[in-house]
Amino acid sequence: MKTTDLCDQFFSEIRAIGAEFQSFGRKKSFSGPIKTVKVFEDNVLVKEALETIPTGSVLVVDGGGSKRRALLGDQLAEIAQNRGLAGIIINGCVRDSEELSQINVGILALGTHPLKSKKEGKGEKNITLSFLSLDWNPDDYLYADQDGIVISTRDLTK
């Protein structure tokens, strides 16, 4: 379902933002329940989440908006694809953008950076994130397409 249609039909139930992110994955629209990770220039918890969250989920990563290191590259994106995740949204950067364009997962991020992340394992998971004037709650339902992102406390397509 298109984000514009969801906004028109469920205006009082949703939170939405415009196209604040760049699209890097093959899928240009995706939806699923949110799972969250909060890190800063360190992607150990990102990898753990990609390996463990349920199929069909959308991993939302609050990387603090850092544009100094990438939190996702082709190898981690392949884990998401192989596990059947719907998408990944990163408040931060990705790398291997050419390869990411061939990965059949929705991947949204602020931009690219060639430098890989730290590997310290610091951060938090399964918490409410707040960035870009939105709260991103675990298990809320997310819809993304080229017009933006819509979040609801329930699956609006049922």
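Helices here are DSSP runs of H or I with at least four residues, strands are runs of E with at least two, and both are numbered from the N terminus. This is a predicted model, in which local features need pLDDT of at least 70, side-chain atom pairs count only at pLDDT 80 or more, and totals for chains, interfaces and linings use all residues. Residues are numbered from 1 along each chain as its sequence is written, and side-chain values use heavy atoms, with hydrogens and water left out.

I will start with D96. It sits in the loop between strand 6 (87–94) and helix 4 (97–100). An unreviewed UniProt entry lists D96 under "binding site"; such annotations may be inferred rather than shown by experiment, feature names are shortened, and positions follow the numbering used here. D96 has a relative accessible area of 26% and is partly exposed; with a 1.4 Å probe and protein chains only, buried means under 20%, exposed over 50%, and partly exposed in between.

What does the side chain of D96 reach at 3.0 Å? The backbone nitrogen of D74.

Next, the helices. Helix 2 (residues 44–52) packs with helix 3 (residues 74–82) at an angle of about 20°. The two are therefore roughly parallel, a label for angles under 35 degrees, with over 145 roughly antiparallel, 65 to 115 roughly perpendicular and the rest oblique.

Last, E41, in the loop between strand 3 (30–38) and helix 2. E41 is not a glycine, although its phi is positive, about 60°. Its relative accessible area is 3%, so E41 is buried.

Terms used. A polar contact is a pair of N or O atoms within 3.5 Å; within protein, one must be able to donate a hydrogen and the other to accept it, and residues adjacent in sequence count only if both atoms are side-chain atoms. Axes are lines fitted to C-alpha atoms, for helices over the stretch in contact, and angles run from 0 to 180 degrees between N-to-C directions.
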